Each structure stands twice: as C-alpha cells, then as structure tokens.
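Student: I've got a structure to go through and a few things to ask. Could you take me through it step by step?

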Amino acid sequence: MQKRKKAEEFDIECDTSLPADILEKYRATKHTIQYGINGNTWTMNLSSTFFPGKEKVYTFEIGKEMNDTGLDGNPIKSVVTVVSDNEISEDMKVKMGDSWKDYKVSRKVDGDTMTTTVSAFGKTMSSKQRRLK
C-alpha cells in the first residue's frame, strides 16, 4: 500500500522586482495550488484569476517527463525532482511560438509558507505562498 499525504493548498503573494505595470497585474492575481502525493505520483490542481474560469489538474511522476499544456494553452514539458523532504525542483520548457523556452522552478516549504523561485529569460522571481486553513 502506498503512503497517501494530505493535499496541501497554498495562496500566492508575490514579492518580486518585475517592472511596475507587470508587477501590479501579477499582485492583483490570486493563484490557488493544491498538491496531493501518492507514492511517486503527484497531483497538482492549479487555478488563477489571471485566467478566470480555467483550472488545470497535472498528474506526474517524480523524475519522469510530463507533457501537458499550461493555463494559457501553451504546450509544456516538465521534470520534477525531490530535493529534500520540504523542497522540489522543476525543469520546465514552455513552447512559445516556434521555440521552447527554459524555466527552472524551485518550491520550498517552511511551516505554513512555501517559497517559489522561478528563473527564466535571465531573470529570477520569488514569491511566497501561505497555506490555506
């Protein structure tokens, strides 16, 4: 029997150095992420007010490539690895136009806070999420 962990929900609050207009739009956006873990298989439910009425459920195995689409409809390829008991790392490619763009995502949980760091296009953005109670 595989161990089943309780799903976790986080609400995102952005703290970044993006340009002011993009930052304000992002700060006004509310994202909800819910994780479920069953052995080596993870499920992530994602919704965002940035894409109203859209929700995605991603199911993936740790260390194996996942092919899907983002909330925006763009194709994505992703491999998630477990760094430690409280951190995962994701190597992601997003198809934009005719080319694939590389993203590196790290999610680290400390108590009721999850810090997400995204690196792409030579820039890095960090945001903190709090566990919904």
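Student: In which strand is the place of Thr116?

Tutor: Keep in mind that this is a predicted model. From the N terminus on, the elements run β-α-β-β-β-β-β-β-β-β-β, with one helix and 10 strands in total. Residues 113-120 form the strand that holds Thr116, and that is S9.

Student: Does Thr116 count as buried or exposed?

Tutor: The cut-off for buried is under 20% relative accessible area. Thr116 has 8% relative accessibility, so it counts as buried.

Student: With which side chain does the side chain of Thr116 make a polar contact?

Tutor: Start with what Thr116 touches beyond four places away in sequence: the list includes Val105, Arg107, Met125 and Gln129. One of these also gives a side-chain to side-chain polar contact, at 2.9 Å, and that partner is Gln129.

Student: Now the rings: why is the pair of Tyr35 and Trp42 stacked or edge-to-face?

Tutor: The count comes to four aromatic pairs. For Tyr35 and Trp42, the ring centres are 6.4 Å apart and the planes sit at 85 degrees. Planes over 60 degrees apart count as edge-to-face, so this pair is edge-to-face.

Methods
Residues numbered from 1 in each chain as written. Predicted model: local features only at pLDDT ≥ 70, side-chain atom pairs only at ≥ 80, totals over all residues. Heavy atoms only, no water. Helix = DSSP H or I, 4+ residues; strand = E, 2+ residues; numbered from the N terminus. Buried < 20%, exposed > 50% of the residue type's maximum accessible area, 1.4 Å probe, protein only. Polar contact = N/O pair within 3.5 Å; in protein donor to acceptor, adjacent residues only side chain to side chain. Contact = heavy atoms within 4.5 Å. Phe/Tyr/Trp six-rings, centres within 6.5 Å; stacked < 30°, edge-to-face > 60°.
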